[in-house]
Amino acid sequence: MPKQKKQNRSLVLGLCIGSCLAIVLALVGAAQIHSTNKVKFCASCHEMQTFYKTWVEAGHGLAQKGAMKAKCVDCHLPEEGLLTYLGTKAKAGANDYIAHIIRKKVDWVAKREEREKYTYETGCKKCHKELVAPGIPIKAFLAHRTYELGETDKTCISCHHNVGHGDLLLALNNQQ
Amino acid sequence: MHLLKRMFLLLWLIILSLMLGSTFALAQEKGYPNLLKTKELVITRGYSKDALKCIECHAKKTPGIVESWRESRMAHAGVSCYDCHAVPKSSPMASQCEGVKGTKIFTSPMVSPKTCSKCHPKEVEQFSKSGHAKLASAPVVEKAKFKKLMYDLEGGKFAGVPENSKLRLAARQSGCQMCHGTEVKLNADKKPTDDSWPAGIGTRYPDGGIGNCVVCHNRHSFKISEARKPEACAKCHIGPDHPNIEIYYESNHGQLFLTEGEEWRWDSAPDTWEPGDYKAPTCAVCHMSGIGELATTHNVNERLKWDLVHPKSVVRSGERGDGEKGRQLMRKVCSNCHSSVHSNSHFAKLDRAVDLYNFYYDGASKMLAELKAKNLLKEDKWKDAFQELNYYLWHHTGRRARHGAAMAGPDYAHWHGFFQIFQIYKDMQDIFDYRIKNNKIEELSPVMSTGPY
């Protein structure tokens with residue numbers, strides 16, 4: 001067999017195996033992304049127990065009858081395109097994994113002040129599309145209109161502290 | 001016939017008594033609201049059950065507050081006690097009144113700007129950058145010099161008031177903190193201590209909020225018309241060291257306000273309150289309100305060029321604003337009513353007055369530095385005539401001259417200003433010459449008073 005032909009065949013074979021492997025890996029990856037996006041997965045780390053429990057009881061949680069539910073990743077990952085989403089997910093995931101392995105101590109009370117770093121407005125806006133919709137309570141109208149006009153630096157999170165985890169500070173203090 | 005007459009008389013009596021009764025009722029209606037009547041305030045719409053509970057209970061317990069609130073814009077917008085006073089249990093200010101004991105509701109009598117900003121974010125952001133927020137309470141909370149003045153001098157430590165006596169707080173509580181604000185301290189029950197709240201415009205709250213919106217927007221009616229009137233500012237901008245309201249009343253602007261202000265319109269919507277609603281500006285018009293092309297601002301520094309309160313006047317920069325831009329903005333305010341010739345002349349007058357004051361101040365500083373170098377200053381400046389005079393030069397007379405020029409109050413620019421400045425300066429020169437010539441401090445210094453006000 002000429003050398004050239006042999007090379008071509010192995011190339012085709014390689015490509016086939018490579019593609020199959022890539023598809024399998026992509027599927028596994030997608031499945032992983034999907035499964036690690038579940039509340040159950042997030043709550044499987046003991047560090048997240050307080051956050052899970054407070055979420056259940058709060059505005060977006062399971063305990064609220066009739067309310068729209070929002071999972072952890074709906075608020076804590078940016079909805080700014082697939083790449084940013086996956087990038088942030090990978091980074092945050094790795095960070096949390098390492099912190100878990102090395103049993104890193106986290107000052108959650110202090111960390112609350114950085115809430116806007118870990119909660120993404122784009123997530124809020126995925127559901128809350130119209131901030132000055134007809135029927136909005138008049139007291140919310142003023143602030144939301146200021147926001148829509150870009151007249152304030154405040155984000156959804158700067159005002160709506162308690163929607164995700166209720167009185168989180170109270171829960172953290174009780175835990176100590 | 002007799003019977004008919006009697007019946008007629010009876011009818012008259014009935015009519016007469018009815019008329020009297022209704023007149024009496026009318027008189028009552030027009031007078032101050034009868035608070036006893038509102039004790040039974042029952043509302044069935046627009047509020048949550050918790051919110052209604054607050055309103056109905058407080059209508060009985062503190063009817064005055066609910067009366068004010070009832071006529072407020074807040075009430076019209078459906079904002080009630082609960083929206084501003086309810087706090088999460090974890091809030092450092094969370095306490096419970098009798099009415100909510102045993103429930104999950106926690107409240108605070110203190111409402112910080114953090115709460116106001118939930119609905120008014122822009123206003124609070126602007127306000128926070130102004131001299132009315134952190135900078136206002138900085139002297140009371142942070143500055144050692146001020147603390148010495150409040151506790152040791154005015155508080156009487158030097159005269160023998162014991163270190164741990166509450167008397168030493170009296171001057172701060174009744175004076176300084178009423179305007180500047182202070183840091184609110186809490187009792188074990190999370191209610192404010194009886195010496196740290198209520199306080200003035202730079203109040204620092206346990207929740208981290210700094211500022212006090214109700215200083216100008218009096219609670220609980222929060223009327224925009226009140227904040228637009230000069231009296232809102234006059235709570236603090238008054239007196240021998242910064243007679244701003246007096247200067248305003250003397251100015252042509254103030255004269256028009258005093259003469260016909262009652263006929264002006266005070267409640268136009270924000271940024272639509274323009275000349276025509278008023279004939280002359282109040283403090284708010286020039287320093288804050290939306291006028292012409294300028295939008296409303298809650299940053300009172302924004303339209304100012306000079307720092308007119310500190311020992312030497314400099315063009316504002318850094319945390320005190322952008323002075324050059326400030327002048328441009330203020331010119332835009334003036335241009336709504338005045339020609340550029342008129343404004344140019346006014347600002348030339350102000351800049352000249354500032355330069356003249358600075359000239360005096362530089363001269364005084366030079367003398368002070370020389371005396372210090374030659375060890376000819378007393379350690380206690382309040383027993384040293386030269387240093388006392390130096391203080392009054394900038395803090396009282398100097399400010400009066402500068403503010404008088406800035407807001408067109410000639411009596412303050414002159415009689416309470418430069419007329420006194422030159423005399424103080426002459427006295428300082430005399431003391432300076434004496435000390436240099438004799439290389440000693442005079443035995444008994446004449447003690448300065450604030451002088452005629």
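**Close-up 1. Buried residues of helix α9 of chain A.** In this predicted model, helix α9 (residues 138-148) of chain A has A143(A), H144(A), T146(A) and Y147(A) as its buried residues. Because these residues cover an arc of only 155° around the axis, they lie on the same side of α9(A). An α-helix has 3.6 residues a turn, so residues three or four places apart point the same way. The cover over the buried residues of α9(A) includes α8 (121-127) and α10 (156-159) of chain A, together with α8 (121-128) of chain B. After α9(A) comes G150(A), which has a positive phi near 70°.

**Close-up 2. Packing of helices α10 and α11 of chain B.** Helix α10 (residues 144-153) and helix α11 (residues 167-180) of chain B have axes 7 Å apart and pack at an angle of about 135°; α10(B) and α11(B) are therefore oblique to each other. From α10(B), F146(B), M150(B), Y151(B) and D152(B) meet R168(B), L169(B), A171(B), R172(B), C176(B) and H180(B) of α11(B). This contact comprises six nonpolar, one polar and three charged residues.

**Close-up 3. The largest nonpolar core.** This core has 47 residues, of which L350(B), F386(B), F418(B), I421(B) and M428(B) touch the most other members. Two or more residues each come from α14 (244-250), α16 (283-287), α17 (323-334), α18 (340-373), α19 (385-406) and α20 (410-438) of chain B. The most, ten residues, are given by α18(B).

**Close-up 4. Surroundings of F386(B).** Not counting residues up to four places away in sequence, F386(B) touches A364(B), M367(B), L368(B), L371(B), L377(B), M428(B), I431(B), F432(B) and R435(B). A second, separate core has ten residues, among them A51(B), I55(B), A59(B) and A75(B).

Conventions. Residues are numbered from 1 along each chain as its sequence is written. Chains are lettered from A and ligands numbered from 1 in the order in which they are written. This is a predicted model: local features need pLDDT of at least 70, side-chain atom pairs count only at pLDDT 80 or more; totals for chains, interfaces and linings use all residues. Side-chain values use heavy atoms; hydrogens and water are left out. Axes are lines fitted to C-alpha atoms, for helices over the stretch in contact, and angles run from 0 to 180 degrees between N-to-C directions. Helices (H or I, at least four residues) and strands (E, at least two) are DSSP runs, numbered from the N terminus. Angles under 35 degrees count as roughly parallel, over 145 as roughly antiparallel, 65 to 115 as roughly perpendicular and the rest as oblique. Contact means heavy atoms within 4.5 Å. Ala, Val, Leu, Ile, Met, Phe, Trp, Tyr, Cys and Pro count as nonpolar, Asp, Glu, Lys and Arg as charged, and the others, Gly among them, as polar. A nonpolar core is a set of buried Ala, Val, Leu, Ile, Met, Phe, Trp, Tyr and Cys residues joined through side-chain atoms within 4.5 Å. Buried means under 20% relative accessible area, exposed over 50%, partly exposed in between (1.4 Å probe, protein chains only). The arc is that of the directions from the helix axis to the C-beta atoms.
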